[in-house]
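Student: I have a model on my screen and would like to learn how to read its features. Could we go through it together?

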Amino acid sequence: MGNCLCRLESSDYRVSSNAKPDSTREENKAMKQRNDNSRLPTNPEEVENLLLRRDSAANPLIVFSYDELKIITANFRPDRVLGGGGFGSVYKGFISEELRQGLPTLPVAVKVHDGDNSHQGHREWLAEVIFLGQLSHPNLVKLIGYCCEDEHRVLIYEFMARGSVENNLFSKILLPLPWSIRMKIAFGAAKGLAFLHEAEKPVIYRDFKTSNILLDLDYNAKLSDFGLAKDGPVGDESHVSTRIMGTYGYAAPEYIMTGHLTPRSDVYSFGVVLLELLTGRKSLDKLRPAREQNLADWALPLLKEKKKLLNIIDPRLEGDYPIKGVHKAAMLAYHCLNRNPKARPLMRDIVDSLEPLQAHNEIPIQKTLTIISEVAEADLRKGKMQNH
Ligand SMILES: Nc1ncnc2c1ncn2[C@@H]1O[C@H](COP(=O)(O)OP(=O)(O)O)[C@@H](O)[C@H]1O
Ligand SMILES: [Mg+2]
């Protein structure tokens, strides 16, 4: 039953192990779950029947053939790859009018699960189809359709023009994200999680991290990658017992220890992402000195100390932030990271706390960034001229 640590991407350390069910009832439940898993639908008809049973009217999905996907992605051209790691690659594609009558014309992202037929890969694909087929919200990425043909398991999403928060926050090429955009991202992602937790059948997202939060042109944040999402506890149950899956550096300590999953596990991960936005540091960074490698462990004691706090704020912001706002965001992260899950705030309260930290300025964000890059270019030109 040992912990399996799979390295997926440079900054990604996924946790995966079997939780110890703590009672006979839970053992039975786990057994039932295992049996259910071995009966996962394996052909398009079964998938469609399952979706009909799960009342997925919120987001009607288009079923694509594999040949159509080849057209959409120009034969899965390597230069169309947007990302990937877990169970395959994500490609940029385009649905054009000629493809099939009645389809919308739009850019899409196409996530191909590797054809290794792994049970976990299939399960994650199915979880995304089920959850994103049922849920619709401005802060969740829209699933447009899927393909389930022979061994192919593919998901087709709306294309998110600015990619993941991870790519934006830790990029060495892009301009640093200004404070107001960081707060906008935290707000949007919090609203997405609050929606999941408050759904009629609550959902635990389970893999909240910067690579799973995507951004549109206006930096609206949307949660994507629902492969590990789980139905939340119902009735008088306090938690659901699961195999421990997630990502080191983001997963809540009690979840790693026991496999007991609650919405408060997502709140912990939210705290880690908020810390990443504040500090510009990665949740786990093996290149840093030992005591700084785990961001949450290192930063937690510093968050409450007003003087020390400013020393850990992302230096790339060059002090361009409201000090009060920084303190408030830091205290919020502090509460999310409480070791006692019950002491963590609810996602709804987090949304309310982030609302006053939003910049209500008149200049649209895109324009702000254009201005910033124009100033940067002018500086560059000035620098070049001075060098001549
Ligand atoms: N809809 C999308 N639009 C743009 N980029 C995307 C989209 N979906 C995924 N990506 C890119 O692909 C990466 C991996 O996607 P994800 O769904 O998280 O797959 P994985 O299961 O490999 O983690 C994301 O971090 C992002 O960079
Ligand atoms: Mg992911």
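**Reading side chains, a metal site and cysteines**

Tutor: Gladly! The side chains of His-122 and Arg-153 make a polar contact at 3.0 Å. Keep in mind that this is a predicted model.

Student: Where does His-122 lie?

Tutor: His-122 is part of helix H4, which covers residues 119-134. With a relative accessibility of 12%, His-122 counts as buried, since the cut-off for buried is under 20%.

Student: Thanks! Now the metal: which residues coordinate the magnesium ion (ligand 2)?

Tutor: Asn-212, through OD1, and Asp-225, through OD, coordinate the magnesium ion at 2.1 to 2.2 Å. The pair links distant parts of the chain, 13 residues apart. Asn-212 sits in the loop between strand S9 (203-204) and strand S10 (213-215), while Asp-225 sits in the loop between strand S11 (221-223) and strand S12 (230-231).

Student: Are Asn-212 and Asp-225 buried or exposed?

Tutor: Both Asn-212 and Asp-225 are buried.

Student: And how many disulfides does the structure hold?

Tutor: Here is the general idea: a disulfide is a covalent bond between the sulfur atoms of two cysteines. This structure holds 0 disulfides. Cys-147 is in none, and the nearest cysteine sulfur, that of Cys-148, is 7.2 Å away.

Student: Are Cys-147 and Cys-148 buried or exposed?

Tutor: Cys-147 is buried, with a relative accessible area of 0%. Cys-148 also counts as buried, at 5% relative accessibility.

How values were computed:
Residues numbered from 1 in each chain as written. Chains lettered and ligands numbered in written order. Predicted model: local features only at pLDDT ≥ 70, side-chain atom pairs only at ≥ 80, totals over all residues. Heavy atoms only, no water. Donors = N, O, S within 2.8 Å, 3.2 Å for Na, K, Ca; no water. Helix = DSSP H or I, 4+ residues; strand = E, 2+ residues; numbered from the N terminus. Buried < 20%, exposed > 50% of the residue type's maximum accessible area, 1.4 Å probe, protein only. Disulfide = S-S within 2.5 Å. Polar contact = N/O pair within 3.5 Å; in protein donor to acceptor, adjacent residues only side chain to side chain.
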